[in-house]
Amino acid sequence: MITSKFTPMKYSFSYMVNSMHAEDVKLLMKQSSGKSMISFAGGMPNNDLFPVKQIDEIYNELPDDLKKLSFQYGPTSGFPPLVKSVEKYLKRKDLPVDKNKILITTGSLQAISIITQEFVNKGDVILTENPCFVGALTVFETYGADIHGIPIDENGIIISELKDKIKSLKVKPKFLYATPNFHNPAGIIYSLERKKELLEVLKEHHIILLEDDAYNDLYFKKADKVLTKPMKAIENSGVEIIYTGSFSKIIGPGFRLGYMLASPEIYEKAETIKQALDACTSNFTQILANDFMQKNKLKPYLKFLRKEYFNRKKKLQKCLKKYMPEEVSWNEPKGGFYIWLTLPKHIKSTDIFKQSVKKGVVFVTGRTFDPKGKKDDCLRLSFSNVDKKDMEKGIKILAKAVKKVLSQ
Ligand SMILES: Cc1ncc(COP(=O)(O)O)c(C=O)c1O
């Protein structure tokens with residue numbers, strides 16, 4: 001009989017599978033696409049809002065050679081005409097495209113993942129906002145980062161808390177990950193003053209900023225556009241900033257298109273990592289997105305989206321005012337997809353969820369966005385994907401669930 005020194009068949013998974021938030025994300029994706037529920041859970045556009053006709057026209061009008069190319073592999077850096085289009089688009093946002101390089105990625109989540117792989121070894125410290133986009137938390141956990149969340153208020157990350165955190169750390173954080181414009185889940189936008197204060201702290205401590213700007217274009221009122229200035233566009237900040245953006249909220253997440261703008265040194269290593277991940281992003285969607293931009297279809301489409309989301313936000317807020325008990329408060333977002341509800345401290349959104357899901361309404365619990373998975377006295381409602389006709393019914397059910405938990 002042969003005896004092996006290896007243990008008999010037992011999976012020996014890597015530490016990468018141990019992301020605490022991964023199950024939350026799986027559940028979220030499932031709930032978001034569930035047909036029978038009234039879902040305030042999904043942070044995605046409604047199917048009826050996609051530019052299906054415009055993309056039909058673009059594909060039908062493509063010359064044969066481009067159609068063929070769209071089925072092909074492409075350069076790891078991205079389809080060159082799209083790189084040029086993104087460059088022009090980012091230049092209009094005052095981003096320093098001349099001193100940096102653009103890498104097209106398979107969604108901006110891939111950009112976040114690449115940067116994490118580039119900088120983070122197991123146990124390294126990453127700073128995030130608390131609450132924080134759960135997709136990013138999953139990435140950071142997957143690579144074994146030691147995540148420290150810093151609380152935010154209605155103007156952004158709380159500077160005194162950030163300073164205290166930095167003071168308490170024994171090692172230098174690899175980077176701070178932040179979403180200054182139309183935060184997911186909190187729905188806030190940083191004030192320009194807070195953006196500058198944050199840059200000052202990062203400069204002083206030589207900490208890299210990973211700036212996630214997935215919602216930049218989705219302001220409701222033109223007057224607020226000035227607030228959306230990316231932090232990377234603030235001149236002479238003296239901070240190393242890696243900027244990420246996405247086509248998911250301005251064409252559709254099914255395109256799986258994002259990008260990063262980073263210094264040549266960071267870009268070069270990022271390109272190598274991407275090569276190993278998926279060789280290149282889909283040429284098919286890059287070619288379509290490029291024509292969407294080139295043929296000036298983005299601007300009118302954004303105008304339509306802004307109006308649509310603004311109306312949805314107004315409707316949701318009206319329903320909240322009408323049905324929610326006075327113990328619950330919420331912010332008034334200036335753009336993006338989310339309203340963040342704050343509950344009395346002794347109430348858990350998970351308990352509300354247990355009640356509302358029985359009646360066919362889902363949302364995302366507060367603890368999902370806490371790096372430690374604990375703080376649960378908040379919840380996220382998304383107005384981007386719920387049918388307008390279901391909104392009132394959904395909020396009525398949710399308010400009932402809140403009242404029930406309050407009375408327990
Ligand atoms: C703040 C934030 N960043 C990044 C993403 C990921 O977007 P993408 O589809 O480009 O990977 C999302 C998606 O919801 C998001 O909310």
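I began with the two domains: the C-alpha centres of domain 1 and domain 2 lie 24 Å apart. Domain 1 covers 15-51 + 302-407 and domain 2 covers 52-294; such bounds come from an automatic or database domain assignment. I noted that this is a predicted model, in which local features need pLDDT of at least 70, side-chain atom pairs count only at pLDDT 80 or more, and totals for chains, interfaces and linings use all residues. Residues are numbered from 1 along each chain as its sequence is written.

**Entry 1. Domain contact**

I looked up how the contact between domain 1 and domain 2 is made up: it takes 34 residues from domain 1 and 39 residues from domain 2. Contact here is a C-beta rule (two residues count if these atoms, placed from the backbone, lie within 7 Å). On the side of domain 1 that touches domain 2, the elements giving two or more residues are α1 (22-33), α11 (298-323), β11 (338-342) and β14. Helices and strands are DSSP runs (H or I of at least four residues for helices, E of at least two for strands), numbered from the N terminus. The largest share of that side, six residues, is from α11. By class I read 21 nonpolar, seven polar and six charged residues there. In this scheme Ala, Val, Leu, Ile, Met, Phe, Trp, Tyr, Cys and Pro are nonpolar, Asp, Glu, Lys and Arg are charged, and the others, Gly among them, are polar.

**Entry 2. Nonpolar core**

I then went to the largest nonpolar core, which has 103 residues. Such a core is a set of buried Ala, Val, Leu, Ile, Met, Phe, Trp, Tyr and Cys residues joined through C-beta atoms within 7 Å. Buried means 20 or more other C-beta atoms within 10 Å of the residue's own, exposed means 12 or fewer, and partly exposed is in between, with C-beta atoms placed from the backbone. The residues with the most contacts inside this core are L209, L210, I242, M260, A289, F363 and L381. Helix α13 (residues 388-407) gives the most to this core, with eight residues. Domain 1 and domain 2 each supply at least three residues to this core.

I picked out I242 for its contacts. Beyond its neighbours within four places in sequence, I242 is in contact with I115, I208, L210, E211, M260, A262 and I266.

**Entry 3. Strands**

I checked β2 (residues 101-105) for cover, and five of its five residues are buried. K101, L103 and T105 point one way from β2, while I102 and I104 point the other way. Strand β2 runs antiparallel to β9 (residues 258-262), and five bridges join them. K101 is placed opposite A262 in β9.

I also traced an open sheet of four strands in the order β10-β11-β14-β13, with antiparallel pairing. Its edge strands are β10 (329-330) and β13 (364-365), each pairing on one side only. Pairing requires that DSSP finds at least two bridges between two strands. Between β13 and β14 (residues 378-382) there are two bridges, in the antiparallel sense.

I looked at Y215 next, which is in the loop between β7 (209-212) and β8 (241-246). Y215 is buried because 27 other C-beta atoms lie within 10 Å. Leaving aside neighbours within four places in sequence, Y215 is in contact with N181, F182, K249, G335 and G336.

Most residues other than glycine have a negative phi, and most peptide bonds are trans. I looked up the exceptions below.

- The bond joining N130 and P131 is cis, with omega about 10°; P131 is in the loop between β3 (125-130) and α6 (134-142).
- The bond from N184 to P185 is cis, with omega near 15°; P185 is in the loop between β6 (175-178) and α8 (192-205).
- D94 is not a glycine but has a positive phi of about 65°; D94 is in the loop between α4 (80-91) and β2.
- D94 counts as partly exposed because 13 other C-beta atoms lie within 10 Å.
- R256 is not a glycine but has a positive phi of about 45°; R256 is in the loop between β8 and β9.
- R256 has 19 C-beta neighbours inside 10 Å and so counts as partly exposed.
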